[in-house]
There are 2 protein chains.
Amino acid sequence: MTNQNKEIPYKIFLNENEMPKQWYNVRADMKTKPAPLLNPNTLKPMTAKELSVVFCDELVAQELNNDTAYLDIPHEILNFYKMYRPSPLVRAYCLEKKLDTPAKIYYKFEGNNTSGSHKLNSAIAQAYYAKNQGLKGVTTETGAGQWGTALSMACAYLGLDCKVFMVKCSYEQKPFRREVMRTYGASVTPSPSNLTKIGQKILSDHPDTTGSLGCAISEAVEVAVGSEGYRYVLGSVLNQVLLHQSIIGLETKAALDKYNIQPDMIIGCAGGGSNLGGLISPFMGEKLRGEKDYRFIAVEPASCPSLTRGKFVYDFCDTGMVTPLAKMYTLGSNFIPSANHAGGLRYHGMNSVLSQLYHDGYMEAKSVEQTSVFEAAEMFAKVEGILPAPESSHAIRVAIDEALKCKENGEEKTIVFGLTGTGYFDMFAYERYNNGEMTDYIPTEADLAVGFAGIPKFYGNEI
Amino acid sequence: MTNQNKEIPYKIFLNENEMPKQWYNVRADMKTKPAPLLNPNTLKPMTAKELSVVFCDELVAQELNNDTAYLDIPHEILNFYKMYRPSPLVRAYCLEKKLDTPAKIYYKFEGNNTSGSHKLNSAIAQAYYAKNQGLKGVTTETGAGQWGTALSMACAYLGLDCKVFMVKCSYEQKPFRREVMRTYGASVTPSPSNLTKIGQKILSDHPDTTGSLGCAISEAVEVAVGSEGYRYVLGSVLNQVLLHQSIIGLETKAALDKYNIQPDMIIGCAGGGSNLGGLISPFMGEKLRGEKDYRFIAVEPASCPSLTRGKFVYDFCDTGMVTPLAKMYTLGSNFIPSANHAGGLRYHGMNSVLSQLYHDGYMEAKSVEQTSVFEAAEMFAKVEGILPAPESSHAIRVAIDEALKCKENGEEKTIVFGLTGTGYFDMFAYERYNNGEMTDYIPTEADLAVGFAGIPKFYGNEI
């Protein structure tokens, strides 16, 4: 399928003037649009006015915009992108050789910035619109700390205050992430805290709790809503985040086009969907418009299998049930993934755009087990020289499996996958793997039933 | 002095086919060659035969080669370089704006690889020559872990065994670095260990010792010499390392030439000299040949000031006094820098080539205090988006100081500095800084006298 008429370098870099100047909104090309967010009290679509209490105005407009295909990237964001982008599209020559496969493998590497992942692409956008609206600052939650780091960097650059609620056990177990955020001037508060009513209540009921993402979200939203000049921002799941992350896919496509490379399949790891959605967007647009065909593969952990084993229904976006309802593949907002699962991708649901596309058959999904993911990570690190994040390694696992199928079948396919980040702050997980102590976990049907039971019940939302 | 006739992008990347194919050996252009290594027993120059007991043959040849200006980089090393090089030469637009300076600031960023620093440039070369000689593996020591990580990566790529002796306190306090090395398949042994005679002796004399670099070197050398098919490798100080690291300067020069940029000064941090020597080599060559003039500034910590306060004499390269004698600026091989000093650059001496050039007036040196270094690091991180290694931040400090002088004097100078690496594994030091707990230390004359007293005394080596 590929017609490569130039010698492909190890790394394809775009020039600065070849960088995309617009984001691409895949919703514009979807025949069946993603279902709207619902107000959980009225069950009616959330209005811009309702959303703007929590989110910045321009971001609300982007969230609700299902029609405009291309949106200009503001000049100041473009300048920030130039500090760490374009990111390289790497030809995995060494991995191909190691696998002895006729497949051609490429990966888009988003880890070459201090946040260590693609999260910075949306952090700078959200911080910019907050600044532009004349706000003083933003609040957010962070679990593992990738998103919090990215947001801290963006806020430091723009001179915006940044309040991060970090799940208490992460705050204590990931001091490095915490200190990166503090170096960038963010205030980092272990959650639950005494700064909020919800935090006080939880601490009084459960003084020994180590916190949860749901609680941290609730605290961040409470502070944003209650503080003059603050709004809440979020690093994944929302449609606006997919829009900002389309920069990944647009650069990938420009780099492939430069060398006349036509991929057969595009593979990305999926937690809330920010990376996968961004990576595949422009390619999915071509498929939706009937111009080209590609296989898209979402890879999720077997321990948190929202696409492969979840329900396509309306559900809360957070465990605290304070957010609007989103229609998505979900395991139920109170589904708790096993504690033994390393890294991110622990989210119970999946972005609405990706959920709709999967439901409509435009995308495949696979789930993979943790030990096999780290085996792929180790092989990749040794031959390609990059220690990958556990999240990214889910995509590596499936890319390797597909390349081995090509070897078996003698097919010279072109595989592109997203390498979202580096694993430098995930060495405790690697240590478990190095010591042979890593285990796998697949939820039973009974485990899933507990999560499903929490999905809100109303007419038309039958699970 | 600069004639810039094209718009300069944020990052100047060379194309793969513009990457240097040869290393540059600055010794070839030195009128006064660096003094030879001496055998401490005979006080005669070390022969290739003597050196080859410890080091690989080809590396011994490079160590002794004062005449050949350009050496071909083997094809396999070039291919490895293509995985993470060329590294970007970044125009620090945001830092310039923050400082409001007419100076133009560039930095060569060597941190975008999993070892987190420039050390990989020499690690792959040394591992390649070991492999090429048919050896089974190599041994080395590591303190902070940067060099050990780089060597582990290179050995994993080539299928070479790698035995790292890691100073025991680092082994325990830097588990992340240790686990990166283990993921790359290296065996990492806390030093002192029971694997060697010297380790057994030290453990028996001092059962509670937390180890030292000197002891780790002695163990690594003992294992290399005593094991069939093994040699010892070293990440800095040696002339061969400067040769390999010339790739930094050659790429920097090619990128500057591409845009017709003529630097006025080139600044690099200096511990053993591997980064500084590599960065300045081709520019120093022009100065030595009388073709151009540049200011070169070596930046060292005030707590370990080998160039600014050391003696230019013959001294041992290690605290254990098992190595040959090198003529260099030294504080004495038993000088112990304050424990409060963060990061690397703790070496008591300085590479012989750089020492000779400094002695002959071709280069300046400055020492800076730790707190001001971290202040520079914080500012840099916030405006340029890269969290720098403490070592690299020494160069940032002086680059900022020089840019502010330009502002004061209204001079539009062009400053280039080396950003050797990232600080992701140095967050304990940043934490101390964030908490306001960082302190400065400048050795007294009495402190220095203790180190000087350990310098070997023989005719012609008067301190």
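This is a predicted model: local features need pLDDT of at least 70, side-chain atom pairs count only at pLDDT 80 or more; totals for chains, interfaces and linings use all residues.
Local features need pLDDT of at least 70 and side-chain atom pairs pLDDT 80 or more, while totals for chains, interfaces and linings use all residues. Residues are numbered from 1 along each chain as written, chains are lettered from A in written order, and side-chain values use heavy atoms without hydrogens and water.

Biologist: How many residues of chain B are in contact with chain A?

Modeller: Contact means heavy atoms within 4.5 Å. On the side of chain A, 42 residues take part. The number for chain B is 42.

Biologist: Which element gives the largest share of the side of chain B that touches chain A?

Modeller: Helices are DSSP runs (H or I, at least four residues), numbered from the N terminus. Those that each supply at least two residues of this side include α6 (146-158) and α17 (427-434) of chain B. The largest share, six residues, comes from α8(B).

Biologist: Which side chain of chain A meets B:Glu431 in a salt bridge?

Modeller: A salt bridge requires a side-chain nitrogen of Lys or Arg within 4 Å of a carboxyl oxygen of Asp or Glu. The rule finds two across the interface of chain B and chain A. In one of them, at 2.9 Å (N to O), the partner of B:Glu431 is A:Arg178.

Biologist: How many charged residues are in the lining of the largest cavity?

Modeller: Asp, Glu, Lys and Arg count as charged. The lining also has 25 nonpolar and 15 polar residues. The charged residues number four.
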